[in-house]
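My notebook is open and the viewer is up.

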Amino acid sequence: MPVLAQNFSLTAGSSSTNQFDNSNYQFINEGTELRIYAAVVGANDGIQGANVNYRFTINNTEFADDAIVPTLVTGEPFTDGAASYRTNSVIATGQARNRPLLVFRNQTSGTLIVKFYIFISQQA
């Protein structure tokens, strides 16, 4: 099954682009399952508004808005099935093309590395 995965630096106060953009999966079919995993390399335990957060939507349905990204734990694998890093698991229900959006935002005062892994089920 297809996977989108990447590590990238996110500078203080900035937001990433949509991680589905410019891929074969910027639009997905009805019935497609998405499992989203994410982690921050380094501490991400600041007070609300001082973390690396993410937003995840499909079409007009919001699954996460300003949700905190978990911190990567040494010795804990970052793979499909790693429950501690799974931030969302959904099935697209729109009858036509579905447009997923996954954006990360760094509200800390420093640059941090963000990892993500997206499992995409077979397209019908």
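**Entry 1: ground rules.** I count two residues as being in contact when heavy atoms come within 4.5 Å. This is a predicted model, with local features needing pLDDT of at least 70, side-chain atom pairs counting only at pLDDT 80 or more, and totals for chains, interfaces and linings using all residues. Residues are numbered from 1 along each chain as its sequence is written, and side-chain values use heavy atoms, with hydrogens and water left out.

**Entry 2: Gln-19.** I looked up what Gln-19 touches once residues up to four places away in sequence are set aside, and found Leu-4, Phe-8, Leu-102, Phe-104 and Phe-116. Gln-19 belongs to the loop between β1 (3–10) and β2. Is Gln-19 buried or exposed? Gln-19 is buried, because its relative accessible area is 15%. My cut-offs are under 20% for buried and over 50% for exposed, with partly exposed in between (1.4 Å probe, protein chains only). I also noted that a polar atom of the Gln-19 side chain lies 2.9 Å from the backbone oxygen of Thr-17.

**Entry 3: Thr-108.** Next I went to the loop between β6 (100–106) and β7 (112–120), where Thr-108 is found. Thr-108 counts as buried, because its relative accessibility is 19%. Which side chain does the Thr-108 side chain meet in a polar contact? The partner is the side chain of Asn-106, at 2.6 Å. By polar contact I mean a pair of N or O atoms within 3.5 Å; within protein, one must be able to donate a hydrogen and the other to accept it, and residues adjacent in sequence count only if both atoms are side-chain atoms. The Thr-108 side chain also reaches the backbone oxygen of Gly-110, at 3.0 Å.

**Entry 4: two asparagines with positive phi.** I checked backbone angles and stopped at Asn-22, whose phi is near 60°, a positive value in a residue other than glycine. Asn-22 is found in the loop between β1 and β2. It is exposed, with a relative accessible area of 77%. Asn-59 also has a positive phi, about 55°, although it is not a glycine. I place Asn-59 in the loop between β3 and β4 (61–68). Asn-59 is partly exposed, with a relative accessible area of 36%.

Entry 5: Ala-43 has its place in the loop between β2 (33–41) and β3 (52–58). Ala-43 counts as exposed at 56% relative accessibility. Leaving aside neighbours within four places in sequence, I find Ala-43 in contact with Thr-71 and Leu-112. From Ala-43 to Leu-72 I read 29 residues in sequence and 8.5 Å in space, C-alpha to C-alpha. Thr-61 lies in strand β4 and counts as partly exposed at 42% relative accessibility. The C-alpha atoms of Thr-61 and Ala-92 are separated by 9.8 Å, and the two residues are 31 apart along the chain.

**Entry 6: the start of the chain.** Met-1 lies in the segment before β1 and counts as exposed at 61% relative accessibility. Which residues does Met-1 touch, not counting residues up to four places away in sequence? I list Phe-119, Ile-120, Ser-121 and Gln-122. Met-1 and Phe-119 are 118 residues apart in sequence, yet their C-alpha atoms are 7.3 Å apart in space.

**Entry 7: stepping back.** How many strands does the protein chain have? I count seven strands and zero helices. The radius of gyration is 14 Å, close to the 14 Å that the globule rule gives for 124 residues, so the protein chain is as compact as a globular protein of that length. I take that radius over C-alpha atoms, and the rule is 2.2 Å times the number of residues to the power 0.38. The C-alpha atoms fill a box of roughly 40 × 30 × 25 Å along the principal axes. Of the 124 residues, 43% count as buried. Among contacts between residues at least 6 apart in sequence, 80% join residues at least 24 apart.

Definitions and conventions. Helices (H or I, at least four residues) and strands (E, at least two) are DSSP runs, numbered from the N terminus.
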